[in-house]
Amino acid sequence: MNTRRMRFLRIGVMGCCFGWSALTSLAQSTTNPPAAVSPATGDAVIAPSQQLSLQQCIEIALKNNITVRQSQLQVNNSNVQLQQSKLNRLPNLNGFATQNFSSGFNVNPVTNQFVERSILSNNFQLTSSVTVYNGGILQNTIRQNALLVQSNEQNLLATQNNVILLVVQNYLNVLTGQEQLAIAQRQADVSRSQYERTQKLVNAGAAAESALFDLQAQRATDELAIVNAQNNIDLAKVALLQAMNLFGNQAISVQPVSLPDPNVADYDASPQQVYEIATNNMPDVRAADLRVRSDEVGVRVARGNYMPLLTLNGGVTTLYSNFGAQRRIENGVTQIPQTITINGIQQTILIDQPNYSFENFNFAEQFKNNQNRSLGLTLQVPIFNRYQARTRVQLATINRQNSELQADNTRLALRQNIENAYANLVASGNRYRATLTQVTAFEQAFRASENRFNAGAINAVDYNIAKSNLDRARASLVQAKYDYVFRTKILDFYQNKPLTF
């Protein structure tokens, strides 16, 4: 697969995009074997409990996705049309053969004489014609189909990009859930340690038993957070498997992606600058522009119907008949007596008269002797064709205008998606900064509460509140970090920058 051409992805409703070359850098190197192929369906499948990298998930999804296959068939179809439009410049060649039987009063097809008998005849014809001039329809059709092929190829890239986008989103959802699960497990460990410590104090009579009940409730809350985090991972894996068009009940694990804590700063380009660069990179924009150019040539194709049509024609014909031309064969001599008078005296003399017989020429001889060859030029000048040519031009013009509007709409959607992505980046940056500040504050508050709880200055309820606040803040920080980094790379990608982590 062409990695350069796979670098462009269309932004969806979420305002996210990634490219093929960039996505491969997201996944760490792996020694896992490549995905196998199902012998029944030809779809890529995975081994049980196989750990997948992001690149492997993308490859499986692109191989299995039905929409991608349909787009590829559309490319193949346009290539066939292009090839046929090129072949239309060649001469055609047609052969015809007929066999006729008639009885009664007929015309001998060879001698053109009227005869009273049954006749069996065969006619053979070989014709060819080539277009000399048709108003440029042939050449313009080739140009139109060539542009259509390029447009469909770009549409295929856009379709592949949408599939990759879906895989990336679900893959990162799994990673987000795994990191939140790790946080929940660490917090559960803290609660368990605190519970065990309080258990010893209660047993020694240094703490009230009610504190132990409050910590036990907190442990149950932490266990519920672990269950919820694991459920989110399971749901994210099902969505990832479905994005790869695989059964959702397969057990898989994904390789982690290293995402360091981001340094939030103002983005180095405005939405307008990003848009100007993106219009030259996005495959859906290029596909729309190529379709406009194709339909422009289609108007010239339609106008060619106003022009005369000049064709060169040639043919060879021959025929055979069971009662056709006959050859004369000498068959001996017959002496015929003849009486003549010489000097008043009658004398009889014998005159030799040759005898002849007749036979028909055989099939091969008639096939050769009855050949007729022709060569000519045909000029067809359109005078009145019920306004069909004008209607074709009008329809082609409407198609061009419609494709121009589609191209404008594609650019409009691109600009709006970039503006949304930029606004989401600013919002996610603000959210990450605020969440980071919140986590720092809650960490300090929790440490203070933990020290006061250990000293017996506060009860378990106050301690649990401080811990719950910290747990929620840390989970939100993980989500904010992934969101901010992801949206930063969106705008980087629109500018054709390499996506490195």
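Is lysine 481 buried or exposed? In this predicted model, lysine 481 is buried, at a relative accessible area of 7%. Its side chain meets that of glutamate 179 in a salt bridge, 3.3 Å from N to O. Lysine 481 belongs to helix 10 and glutamate 179 to helix 4, so the pair ties together parts 302 residues apart in sequence. Glutamate 179 is partly exposed, with a relative accessible area of 25%.

Now the other salt bridges. The whole structure has 10 of them. One joins aspartate 483 and arginine 431, at 2.7 Å from N to O. This pair also links distant parts of the chain, with aspartate 483 in helix 10 and arginine 431 in helix 9, 52 residues apart. Aspartate 483 is buried, at 15% relative accessible area, whereas arginine 431 is partly exposed, at 40%.

Next, the nonpolar core. The largest one holds 54 residues, and Leu240, Met244 and Tyr494 have the most contacts inside it. Helix 10 supplies the largest share, 11 residues. Apart from this core lies another, of 12 residues, including Tyr195 and Phe453.

Four strands form an open sheet in the order 4-7-9-12, with antiparallel pairing. Strand 4 (92-102) and strand 12 (372-380) are at the edges with a single partner strand each, so one side of each has no neighbour in the sheet. From one strand to the next, the twist averages 20°. Strands 7 and 9 pair over 12 bridges, and serine 121 has serine 321, in strand 9, as its bridge partner.

Technical notes:
Residues are numbered from 1 along each chain as its sequence is written. This is a predicted model: local features need pLDDT of at least 70, side-chain atom pairs count only at pLDDT 80 or more; totals for chains, interfaces and linings use all residues. Side-chain values use heavy atoms; hydrogens and water are left out. A nonpolar core is a set of buried Ala, Val, Leu, Ile, Met, Phe, Trp, Tyr and Cys residues joined through side-chain atoms within 4.5 Å. Buried means under 20% relative accessible area, exposed over 50%, partly exposed in between (1.4 Å probe, protein chains only). Helices (H or I, at least four residues) and strands (E, at least two) are DSSP runs, numbered from the N terminus. Two strands pair if DSSP finds at least two bridges between them. Axes are lines fitted to C-alpha atoms, for helices over the stretch in contact, and angles run from 0 to 180 degrees between N-to-C directions. A salt bridge is a side-chain nitrogen of Lys or Arg within 4 Å of a carboxyl oxygen of Asp or Glu.
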